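Colleague: Could you walk me through this one slowly, please? I am still new to reading structures.
Modeller: Of course, ask whatever comes to mind.

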Amino acid sequence: MNSDVKRNILLTPGPATTTDSVKRSQVVPDICPREAEFGVVMEHISSELTRLVADPDHYRAVLFGGSGTAAVESMISSVPGGEAMVIVNNGAYGRRMCEIAAVYGIDFLEFRSPFDEAIDLDELERCIRSSGRRISHLAVVHHETTTGLLNRVKEIGELCRRYHIDLMVDAISSFAAVPMDMKEMNISFLASSSNKNLQGMPGVSFVIAEKSKLENLKDRKPRSYYLNLYAQYRYFAEHAQMRFTPPVQTLYALKQAIRELKQEGTAKRYERYTASWKTLISGLNRLGLTYIVPEEHHAKLITSIREPDADFDFQSMHDFFYSKGIMIYPGKLEGLKTFRVANIGDITAKDIEVFLEWLEEYLHGVQANRRKVESRGNRSEE
Ligand SMILES: Cc1ncc(COP(=O)(O)O)c(C=O)c1O
């Protein structure tokens, strides 16, 4: 497709590279989002998003204007009642859920787990049993975007089933790539957003939940006004509108992005992402670079790579790539020097090959410069 919009390659964990057709779908006649016509658009988006992971007759995607954190915050602040919850923290996004729970004064236990290893389910069970409290909810990130670790949500769902705990999942960076079935995985509430594997524009986030679980929130005392999950669900059910001004153009883009996801198929999309990841990993191996999470626990969507040496300057590498229209991301791990490369969005293994060629050139350039400086230093000492 001919495009007058420059194509950048975003190797960032979202917003991701979008197709021209998604970009163009935002150019629509102005419309008041309270018109019935726009309600139909949102209704369609809500059921299609639900259909990706659950049966829309029994589950519902509640849409919000806001980034992914808005959906996570809505879920954490709206769902728990007076009993305690467990939050798994094995990366920055698990930690964020703890921070959100703390802000709302929710009674929670933090279950810390190593950032580069599978969650120890026996330990998690011990945490639940030894708490001495009734645990009503457990929250976990599906794909920890900090490292690329794919958490064992299905097994955690089984554990929750045994203890009658409702499972809440931050699936912001796994939704629409990693296959998921809420019922089978025993996920009661799931949060995600428009701009990662969905390949839409940023600005819409959503919580998917069983309708009966949403109805059960009816008598909860609201902790938040804007992010009140029940109120947002109820208002949409009654009026086919969001409670507050929706991001109109982002929703049109999301509608188009969903159409393209259905054309490609979620499984095929994950295959495309996985092919890009394999290309990335073989290139990293060739260049002598190492990454944090072992393959068996890797979601294959974003890779946290160790900086090659102590003198490595991420900003200079970032600027080098930026000048080529390629965007990479800094690390987010405390005490470990890493940078991140994602392989999601409208890109293919060919784009990753281009990235690797430039990476090789960049690293060789850095080494050559260092040798020059060292030999100058040696000469001046002679
Ligand atoms: C797992 C996870 N949770 C939450 C977020 C926060 O999303 P946002 O930055 O859109 O608020 C992100 C963003 O990368 C994420 O990867």
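Colleague: To start, are Phe312 and Phe339 buried or exposed?
Modeller: Phe312 is buried and Phe339 is buried too, where buried means under 20% relative accessible area, exposed over 50% and partly exposed in between, with a 1.4 Å probe and protein chains only. Please keep in mind that this is a predicted model, in which local features need pLDDT of at least 70 and side-chain atom pairs count only at pLDDT 80 or more, while totals for chains, interfaces and linings use all residues. Residues are numbered from 1 along each chain as its sequence is written, and side-chain values use heavy atoms, with hydrogens and water left out.

Colleague: OK, and how many aromatic pairs are there?
Modeller: Searching the whole structure gives 12 aromatic pairs; rings of Phe, Tyr and Trp (its six-membered ring) pair if their centres lie within 6.5 Å, and planes under 30 degrees apart count as stacked, over 60 as edge-to-face and the rest as tilted. One of them is the stacked pair of Phe312 and Phe339, at 5.7 Å centre to centre with 20° between the planes.

Colleague: Where in the chain do those two sit?
Modeller: Phe312 is in the loop between β11 (302-306) and α11 (314-322), whereas Phe339 is in strand β14 (residues 338-342), so the pair links distant parts of the chain, 27 residues apart. Helices (H or I, at least four residues) and strands (E, at least two) are DSSP runs, numbered from the N terminus.

Colleague: What about Phe320 and Trp358?
Modeller: Those two form an edge-to-face pair, 6.0 Å centre to centre with 75° between the planes, and this pair joins helix α11, which holds Phe320, to helix α12 (residues 349-381), which holds Trp358. Phe320 is buried at a relative accessible area of 18%, while Trp358 is partly exposed at 27%.

Colleague: Which residues do ring pairs link into a cluster?
Modeller: The cluster consists of Phe320, Phe321, Phe355, Trp358 and Tyr362.

Colleague: And which residue lies over the face of Trp358?
Modeller: That is Lys324, at 4.4 Å from the ring centre; a charge sits over a ring if NZ of Lys or CZ of Arg is within 6 Å of the ring centre and within 35 degrees of the ring normal.

Colleague: Changing topic, what follows α9?
Modeller: Gly265 comes after α9, and its phi is positive, near 90°. Within α9, the buried residues include Val248, Leu251, Tyr252 and Leu261.
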